[in-house]
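Thanks for coming, everyone. Let me put the structure up, and then we will walk through it.

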Amino acid sequence: MTDQLKSTPLKETHIALGAKMVPFAGFEMPIQYTSLVEEHLAVRNSVGVFDVSHMGEFMIEGPEALDFIQHVISNDASKLVPGQAQYACLPNGKGGIVDDLIIYKMDDTDEKFMMVVNASNIEKDFRWLLSNNRFAARITDISDEIGLLAVQGPKAKDFLQGLTHTNLDEVGFYRFTIGNIGDIEDVIISGTGYTGSGGFELYVKSGQLVKLWNILFDRKSDITIAPVGLGARDTLRLEMGYCLYGNDIDDTTSPLEAGLGWITKLKKENFIDKEFLVEQKAKGIGKKLVGFKVNDRRVPRKDYVIEDLNGLPIGKVTSGTQSPSLGIPIGMGYVQIAYSKPEIEIRINTGRKSINAIISSTPFIKNS
Amino acid sequence: MNFPADIKYSKEHEWIKVEDDIATIGITDFAQSELGDLVYIEVDTVGETLEKDAIFGTAEAVKTTSDLFMPIGGEVLEFNSELDENEGDNPSLINESPYEDGWIIKIKIADAVELDDLMDADAYKELVA
């Protein structure tokens with residue numbers, strides 16, 4: 001059975017720009033326009049614009065909205081102030097992760113939040129949230145009504161400032177506000193992203209997405225901006241060591257193993273898997289997600305076996321690429337805890353050869 | 001997308017150009033476009049005689065790894081030094097010029113009859129359309 005692929009309102013725009021379109025998470029999405037490496041470097045050096053409208057958005061509202069969110073997410077949303085966002089995950093009740101997400105506190109009540117989830121998990125997450133809603137929370141999937149552009153890079157703020165009355169200096173990291181971009185009002189301007197190069201994510205109504213794109217690309221500016229596909233989105237996030245759901249985290253990996261202890265607030269009163277995670281933390285984890293750099297020209301790929309120097313298996317690669325910024329192959333994967341410290345030498349078995357690599361702290365690159 | 005008429009094509013997206021009993025082999029414009037930015041080409045089979053469909057090397061792109069297959073059998077005579085990591089080390093030649101500067105190996109053809117199984121430009125164009 002082949003399900004009909006969805007597309008974003010910018011599909012024709014992407015095709016007109018020469019993008020290569022691929023199926024991704026049930027959507028037909030641009031993976032690359034010109035060159036993955038050029039697009040990657042555009043984000044690192046100037047500004048890149050991603051259509052990430054495939055992402056899912058849920059509204060969580062009502063008198064017990066916060067209680068519900070506190071129950072289902074790993075992080076502590078009670079700490080949020082209006083206009084603040086937070087990274088978190090949904091523990092799955094079996095020690096794994098349903099999805100990772102960003103939660104937005106929309107106003108000064110504890111009754112209105114927006115949850116942004118991975119496109120590939122929209123339906124799974126929605127069912128999961130409904131089935132765990134023992135609270136008077138209203139959960140609405142508004143994914144089809146929302147378009148999202150990520151405007152990322154060191155010059156993104158200067159570029160966007162010319163298009164909005166909002167003072168972007170006041171929209172800090174993981175803060176957001178509602179303002180205009182050109183003559184589009186009510187844009188959620190969010191100081192978030194998945195690149196490590198700074199910038200903003202802009203949420204608009206789907207019907208205004210094409211207009212938003214055109215406002216950005218029609219702006220006369222000394223700052224060069226480039227459309228960027230999902231290929232570079234992956235290499236950008238991997239250089240930062242950010243997890244990708246389905247690769248580095250999934251239903252079988254615990255947030256603690258994945259290095260997401262910083263978004264797992266074990267002192268929070270009660271939440272799904274709290275008991276398991278408290279116990280796992282006390283006993284210690286057996287495997288850990290690490291970054292590694294490869295001393296070879298061959299590039300590590302998902303599912304390659306990680307070995308110790310004697311060739312014994314100690315783990316598995318979850319993500320790998322050639323780093324466009326560093327010019328070397330890098331990757332992430334789970335290894336037995338004894339091998340998880342930076343500078344430990346490991347081998348990656350490519351199926352035909354074992355190549356040398358070294359455990360590395362993440363992010364792999366330092367942004368100035 | 002470019003499909004020169006003077007070469008033959010394999011279903012694994014290699015092209016082969018024959019001059020007497022020597023053939024030049026590379027990957028097609030479609031293949032380089034699918035792979036994206038190439039970062040490393042490994043060929044350690046020079047001097048070996050390989051059968052049709054045997055792996056003669058590996059292409060590493062930023063986002064994926066792909067084996068390289070012999071469209072016909074023969075002895076691998078030469079690896080393009082412009083791609084070789086110890087010499088030119090410029091795999092992006094394949095992205096820029098898949099049919100000319102980005103050729104990968106030259107072989108001595110073992111049995112020219114195997115060429116008959118390969119596609120011409122029109123048939124290959126249909127395959128990847």
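Start at A:Asp273, in the loop between α7 (230-240) and α8 (274-283) of chain A. Helices here are DSSP runs of H or I with at least four residues, strands are runs of E with at least two, and both are numbered from the N terminus. A:Asp273 is not a glycine, yet its phi is positive, about 75°. Most residues other than glycine have a negative phi, and most peptide bonds are trans. Is A:Asp273 buried or exposed? A:Asp273 counts as buried, at 12% relative accessibility. The cut-offs, with a 1.4 Å probe and protein chains only: buried is under 20% relative accessible area, exposed is over 50%, partly exposed is in between.

A word on the source. This is a predicted model, where local features need pLDDT of at least 70 and side-chain atom pairs count only at pLDDT 80 or more, while totals for chains, interfaces and linings use all residues. Residues are numbered from 1 along each chain as its sequence is written, chains are lettered from A and ligands numbered from 1 in the order in which they are written, and side-chain values use heavy atoms, with hydrogens and water left out.

Chain B has a case of positive phi too. B:His13 has a phi near 75° and is not a glycine. B:His13 sits in the loop between β1 (8-9) and β2 (14-19) of chain B. B:His13 is partly exposed, at 21% relative accessible area.

Now a peptide bond. A:Thr362 and A:Pro363 are joined in cis, with omega about 0°. A:Pro363 lies in the segment after β20 (354-360) of chain A.

Next, charges. Side chains of opposite charge can pair when their charged atoms come close. How many salt bridges are there over all chains? The count comes to 22, taking a side-chain nitrogen of Lys or Arg within 4 Å of a carboxyl oxygen of Asp or Glu.

One of them pairs A:Glu239 with A:Arg44, with the closest N and O atoms 3.0 Å apart. A:Glu239 is in helix α7 and A:Arg44 in helix α2 (residues 36-45) of chain A, so this pair ties together parts 195 residues apart in sequence. Both A:Glu239 and A:Arg44 are buried.

Another bridge joins A:Asp76 and A:Lys79, at 3.2 Å from N to O. A:Asp76 is buried at 11% relative accessibility, whereas A:Lys79 is exposed at 60%.

Then there is A:Asp110 with A:Lys105, at 2.5 Å from N to O. Here A:Lys105 is buried at 4% relative accessibility, and A:Asp110 is partly exposed at 38%. Salt bridges that share partners also link A:Asp296, A:Arg298, A:Lys353, B:Glu42 and B:Asp44 into one network.

Last, chain B as a whole. Chain B holds three helices and nine strands. From the N terminus, the order is β-β-β-α-β-β-β-β-β-α-β-α. The C-alpha trace spans about 35 × 35 × 20 Å along its principal axes. Of the 129 residues in chain B, 51% are buried.

One more stop in chain B: B:Glu100. Where is B:Glu100 found? B:Glu100 is in the loop between α2 (92-96) and β9 (105-109) of chain B. B:Glu100 is exposed, with a relative accessible area of 53%.
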